[in-house]
Amino acid sequence: MKRESSIKRELLVEQLPTFVVLMILGTAAAYGQHGFLPGGDVAFPLAQVRVPIWHLVWMGFWTGYTMAIVGEAAGIFALPYQMSVLQFTAASVTPTTQLLTFINPIGALFGFIRNKQSNWDFALWVCVGGAAGALIGPFIRLTVLSDPGPFKMAVGLALATAGVHLCWAAFRRANRSQGIEGKFAAEAKASRAQGVTQPFAIPAGIPIETVAKEGAYLVIGFWGERWRLHQPTLFLIGFGVAICASALGVGGGFLLVPIFAAVYALPMYVLVAASIPFVIILSAVAIFTYTFIVPLFSGSTLYAEFAWGLFASAGGVFGAWCAAKTQRFVPQHFLKLMLGGITGIAGVLYVVDFFHPLPFRI
Amino acid sequence: KRGLHLLPYLPFIVLAIAVVVAAYHIRVYW
């Protein structure tokens with residue numbers, strides 16, 4: 001009962017006001033930038049397409065929800081969706097999506113912190129590495145990687161491999177009897193045997209604890225399981241992922257989460273503690289870089305379609321919060337299947353794009 | 001309470017609705 005009232009309070013005190021504020025800001029941005037409110041009848045001037053405002057909010061919601069449930073930001077789904085289905089192919093689509101990718105995971109951050117699915121010891125070095133790498137990435141793009149095609153294809157191959165691995169791990173029966181997955185399955189079975197009709201969920205409020213700090217190693221625990229992580233390696237992973245992601249001009253979550261899930265075998269319920277703060281920091285640095293640093297080299301500033309980005313963010317923040325609240329009901333193998341599917345499709349599109357340019361960007 | 005048993009499948013339900021809305025948008029606005 002206490003849990004239900006806590007969710008209701010979060011919804012009424014935090015989420016609903018945030019949604020209303022972002023919708024008002026979106027409307028104000030439309031009048032400030034264009035002098036009128038675009039939508040389904042009048043085209044957005046920079047995007048040059050007509051899209052109803054409810055569809056932008058829905059697009060933010062579904063991309064925010066499906067990505068936050070696997071610990072990522074909306075960008076990886078939102079960018080190709082906007083460029084293909086919504087036909088927003090103008091150059092402004094990049095800063096507009098960056099705005100959504102920065103604001104949307106904040107809903108997940110608040111949701112997971114309230115669930116106690118946060119651990120700043122775990123997140124710290126990944127995020128420090130991320131901030132450092134994200135500042136270096138754009139300069140690598142301007143110098144060494146002036147033709148990012150082959151590099152992007154290599155990243156695509158790695159992502160496709162990770163995607164296949166995650167899907168295979170989701171279907172592998174042996175995985176379902178051990179670790180968090182085994183525990184989830186056993187407790188769900190026991191719950192059904194007792195005649196409980198509600199779906200089983202990981203009990204609310206179980207924290208991701210710092211069990212011990214042993215020199216350079218950090219031991220974290222969740223629901224009776226433990227993981228021993230080498231902190232300098234966490235820094236290097238954050239640093240490397242951020243350099244790759246910012247050099248390619250994409251978010252870092254879709255690279256970081258498969259590494260944590262496939263290499264470290266961290267459950268999705270735990271890796272969100274590091275991946276959500278990481279994508280927020282990476283997006284913030286990307287917005288700073290593309291607003292202030294890149295124009296110094298290119299001589300021109302690219303403006304976002306602010307109203308579009310803010311309307312999408314209103315749905316995105318709420319969708320990501322809903323993901324944080326419902327993730328513990330979703331079995332780990334479903335989450336792996338989702339993540340594997342998303343990662344694999346993104347990887348295949350990168351490879352295909354190298355040989356046959358796609359009509360949209362990813 | 002009746003819809004609670006659908007919670008584990010929610011990500012797939014949301015994706016399915018997204019496909020329907022995308023098809024509607026393509027039909028009306030393209």
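How many salt bridges does the rule find across the interface of chain A and chain B? The rule finds 0, a salt bridge being a side-chain nitrogen of Lys or Arg within 4 Å of a carboxyl oxygen of Asp or Glu.

This is a predicted model, where local features need pLDDT of at least 70, side-chain atom pairs count only at pLDDT 80 or more, and totals for chains, interfaces and linings use all residues. Residues are numbered from 1 along each chain as its sequence is written, chains are lettered from A and ligands numbered from 1 in the order in which they are written, and side-chain values use heavy atoms, with hydrogens and water left out.

**View 1. Where chain A meets chain B.** Here 27 residues of chain A touch 20 residues of chain B (contact means heavy atoms within 4.5 Å). About 2,100 Å² is buried between the two chains, 78% of it from carbon and sulfur atoms; buried area is the accessible area (1.4 Å probe) that two parts lose on being put together, summed over both. As for polar contacts, the count is 1 residue pair, both at pLDDT 80 or more (a pair of N or O atoms within 3.5 Å; within protein, one must be able to donate a hydrogen and the other to accept it, and residues adjacent in sequence count only if both atoms are side-chain atoms).

View 2. Helices H2 (53-68), H3 (75-84) and H12 (332-355) of chain A each give two or more residues to the side that touches chain B. H2(A) hands over the largest share, 6 residues. Helices (H or I, at least four residues) and strands (E, at least two) are DSSP runs, numbered from the N terminus. By class, this side has 18 nonpolar, 7 polar and 2 charged residues; Ala, Val, Leu, Ile, Met, Phe, Trp, Tyr, Cys and Pro count as nonpolar, Asp, Glu, Lys and Arg as charged, and the others, Gly among them, as polar.

**View 3. H12(A) against H1(B).** H12(A) packs with helix H1 (residues 10-29) of chain B at about 35 degrees, their axes 10 Å apart. Axes are lines fitted to C-alpha atoms, for helices over the stretch in contact, and angles run from 0 to 180 degrees between N-to-C directions. A:Phe334, A:Leu337 and A:Met338 meet B:Pro11, B:Phe12 and B:Leu15.

**View 4. A three-stranded sheet in chain A.** The 3 strands form an open, antiparallel sheet in the order S1-S2-S3; two strands pair if DSSP finds at least two bridges between them. S1 (209-214) and S3 (225-230) of chain A each have a single partner strand, so one side of each is left without a neighbour in the sheet.
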